[in-house]
Amino acid sequence: MADQSSSNGHYAIEAKNLNVFYGDFHAVKDVNLTVEKNKITALIGPSGCGKSTVLRCFNRMNDLIPVARIQGDVLFHGKNIYDPDVDPVQVRRRIGMVFQKPNPFPKSIYDNVAWGAKINGFKGDLDELVRTSLEGAALWDEVKDKLDANGYSLSGGQQQRLCIARALAVRPDIILMDEPTSALDPIASLRIEELMIQLAEQYTIIVVTHNMQQAARVSDYTAFFTVDEGRTGYLEEFAPTEELFTTPRSRITEDYITGRFG
Amino acid sequence: MSPRKSFEQRLEQLRSTLIAMSELVEQELSVAMDALERKDVELAQEVFAMDERVNKLRYDNERTALLLISTQQPMARDARFILASLFMNVILERMGDKAKSVAKAIPYILQRPNLTISPELRQMAEMGHEMLHDAMQAYAAEDVTLALQVAARDDDVDQLYGETFFSVLARMAKTKKPDKVEAIYELMRIARDLERFADYATDLAERVDFMVTGQLAEVNVDEWEEVRASAEEERAALAALKAARKAQKAEAESTSDT
């Protein structure tokens, strides 16, 4: 996907009047959200509020759901990624995804990282790419002597970092993370959180988490989603994390983050 | 790599800002005492500007602590550290106010340019200054032994305060110029401020004890006994003063008779 000059170079991606439907069900309505570059933006909210749906809109993962229908714009470098001339595969190369459960390929650690680059026709030094990607994911020191070992031989936390290394290897601009620590123990989770903070120096990160303490700990901005009477998700409040968790503007946000509902 | 490196950095930020604030309060007291001894109003004014910076740091620290509590779920020693730092933050701000209060007296004292500044005041200020410094050293090094030593020194300051109080009271009683009374009263007030300054340093030390051990207790517990003894001392001193005055009067009368 070609870069387009953007009037808002400060921002990595922007949702404008985004609506998502699954068949007749209006899943998410009128989301306007601007994600700042090199920051961590967390999407939080109760189950069914549409936070994962919105995340998936950012790299056209909803295209894979036959009944899903998108209205509105998602602007990446000023270009709507849903325009007919945009190749979703190219979108997903620039906007990577890390999933809830670590999902390494049943291949060696090396091949797990090198795979994405290989299929994208990478011409450079593959060894170097694998090393820098694993370093970027804070995994290199733990696996440098066993790069031929199967990805499944690693612990859950290591597997998730391997998946992050795999995402980094295609040099994305944005990394989307869908509950990246929900399958991990608390210490492995904290390691991923610390890694996210480091990665934000080079990448933009958008993370969906059902753990709002995690959002509070790691993110720079937080978007709180909730549902209306018709169970349609919407964005209730979006603010710098420090503000949202100390002095939220909305009573509904406050009730949620103080555990009064949700 | 610590899994909570960024959290630790923010804790460190709170610690270093609090220490910087205490250094400013130390400086505030030194400048206030210099201004008092030199009867220098311009220098006294500098103390006000310094106190404004202390007040600003207080709010900065409160903001940092609020963010840490709201976003980082501090537990155990981290929670005690934040709570202790918050208390110490307020105490330091009040210590700054005490230093400012010394500076506030200077324009009144200037009305009597020849008024002697009691040397005990300097001594009290130096003791308070040292107690503050050591309490913050104890905070930085998480050193309970040093903290308890600071608290133990409060009695020395209290004793010096008692002596200063009576010597100033005697000066007030002796003076034949009513307009001088106000300036002397300011000295008494300064002595009180310096005594409170040292009390606050003790409070800081107590917070360090809590931060490290989790113990929630006052270090100098026999306060009622102290109050009672001090009131008793005061009564005795006033009686002695009264007797001295009576004797002075009787002597004056007998001289005029002869």
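Which elements, from the N terminus on, make up chain B? They run α-α-α-α-α-α-α-α, and the views below start from there. This is a predicted model, in which local features need pLDDT of at least 70, side-chain atom pairs count only at pLDDT 80 or more, and totals for chains, interfaces and linings use all residues. Residues are numbered from 1 along each chain as its sequence is written, chains are lettered from A and ligands numbered from 1 in the order in which they are written, and side-chain values use heavy atoms, with hydrogens and water left out.

**View 1. Chain B as a whole.** Chain B has 8 helices and 0 strands (DSSP runs numbered from the N terminus, helices being H or I with at least four residues and strands E with at least two). The C-alpha trace of chain B spans about 95 × 40 × 25 Å along its principal axes.

**View 2. Helices H1 and H2 of chain B.** Two packed helices are described by the angle between their axes and the distance between the axes. Here H1(B) (residues 5-38) packs with H2(B) (residues 41-72) at about 165°, the axes being 9 Å apart (axes are lines fitted to C-alpha atoms, for helices over the stretch in contact, and angles run from 0 to 180 degrees between N-to-C directions). H1(B) passes H2(B) in a left-handed crossing (the near helix is turned anticlockwise from the far one by less than a right angle; clockwise would be right-handed). By class, this contact of H1(B) with H2(B) has 18 nonpolar, 7 polar and 7 charged residues (Ala, Val, Leu, Ile, Met, Phe, Trp, Tyr, Cys and Pro count as nonpolar, Asp, Glu, Lys and Arg as charged, and the others, Gly among them, as polar).

View 3. The crossing of H4(B) and H5(B) is left-handed. On the H4(B) side look for B:Met131, B:Asp134, B:Ala135, B:Gln137 and B:Ala138, which meet B:Leu146, B:Ala147 and B:Val150 of H5(B) (contact means heavy atoms within 4.5 Å). These residues divide into 6 nonpolar, 1 polar and 1 charged.

**View 4. Where chain A meets chain B.** The contact takes 12 residues from chain A and 13 residues from chain B. About 1,200 Å² is buried between the chains, 59% of it given by carbon and sulfur atoms (buried area is the accessible area, for a 1.4 Å probe, that two parts lose on being put together, summed over both). A:Glu194, A:Arg217 and A:Glu242 supply 39% of the area that chain A buries against chain B, more than any other three residues. The count between the chains is 1 salt bridge (a side-chain nitrogen of Lys or Arg within 4 Å of a carboxyl oxygen of Asp or Glu). B:Arg10 and A:Glu242 meet in a salt bridge at 2.8 Å, N to O.
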